[in-house]
Amino acid sequence: MDPVLAKTPAQSWDYFVGALKSGELMDNTGYTMMAVIIAWVLAGAVGVVAGLALGLLPRVERVLTPFLDAANAMPRIALAPLFIVAFGINTTAKVALAATLVFFIVMSSARAGVRSTDAEWLRLSAVLGASKPQVFFKVLFPVATPAIFAGLRLGLIYSLLGVVGSELISARNGLGQLVATYSATYRMEAVYAILIFLAAIAVVLNQAMGVAERRLLRWQPPADK
């Protein structure tokens with residue numbers, strides 16, 4: 001291998017320990033995770049509302065679907081320079097890029113969850129005289145909740161990807177900016193250490209969402225029943 005790329009695990013470990021002691025790694029992790037959580041919360045909330053609304057309003061969905069599909073098909077990383085010019089090299093640009101990823105994932109999951117409701121349940125609710133709010137809160141929303149959580153779980157990982165992608169292009173701080181800086185100076189042992197650290201963060205986030213999902217959806221019957 002090229003000597004520039006062939007770094008040993010010991011070299012990456014030495015950088016990791018030194019970066020922890022100096023505070024460089026944790027400080028930049030804090031900036032990255034702040035942007036990740038902000039983008040996930042904002043885009044997740046808007047995505048849930050939009051997905052539920054589209055699922056409940058099929059006529060509106062038919063009109064908006066071509067536009068939403070076109071926007072979703074756009075390579076989001078190409079929007080990063082636009083956000084940087086519009087918002088500057090700060091957290092707002094990172095949040096904007098990550099939010100565009102999270103929104104469509106959560107919206108699609110919420111919409112699919114509403115549409116997966118059994119038609120027999122809806123007819124039975126109408127026969128029993130349930131009002132529209134009752135049908136929504138007693139039937140539609142509980143059915144859509146697992147799909148919404150699945151979208152939020154996936155959206156959290158994509159929020160991390162969007163923030164790091166924005167930082168790689170241009171940012172004042174963050175783990176992605178560290179990767180870009182050390183790549184430019186050929187310190188590949190640092191790049192490898194940060195990439196492994198990012199992978200560990202993604203695993204922790206995914207596991208945390210899994211635990212939260214299991215606790216909040218305890219009312220659901222087991223999948224094998």
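1. A contact here means heavy atoms within 4.5 Å. With that in hand, Ser12 touches Glu189, Tyr192 and Ala193, leaving aside residues up to four places away in sequence. Serine 12 sits in helix 1, and the residue is buried, at a relative accessible area of 10%; buried means under 20%, exposed over 50% and partly exposed in between, with a 1.4 Å probe and protein chains only.

2. A word on the basis of these notes: this is a predicted model, in which local features need pLDDT of at least 70 and side-chain atom pairs count only at pLDDT 80 or more, while totals for chains, interfaces and linings use all residues. Residues are numbered from 1 along each chain as its sequence is written, and side-chain values use heavy atoms, with hydrogens and water left out.

3. Now the overall picture. The chain has nine helices and zero strands; these are DSSP runs numbered from the N terminus, helices being H or I of at least four residues and strands E of at least two. The C-alpha atoms fill a box of roughly 70 × 40 × 30 Å along the principal axes. Of the 225 residues, 42% count as buried. Among contacts between residues at least 6 apart in sequence, 77% join residues at least 24 apart.

4. Not counting residues up to four places away in sequence, Leu175 touches Leu25, Asn28, Thr29, Thr32, Glu167, Ile194, Phe197, Leu198 and Ile201.

5. Finally, a helix pair. Helix 2 and helix 8 pack at about 125°, with axes 7 Å apart. Helix 2 is therefore oblique to helix 8, since angles under 35 degrees count as roughly parallel, over 145 as roughly antiparallel, 65 to 115 as roughly perpendicular and the rest as oblique. Glu24, Leu25, Asn28, Thr29 and Thr32 of helix 2 meet Leu175, Leu178 and Tyr182 of helix 8.

Note on methods. Axes are lines fitted to C-alpha atoms, for helices over the stretch in contact, and angles run from 0 to 180 degrees between N-to-C directions.
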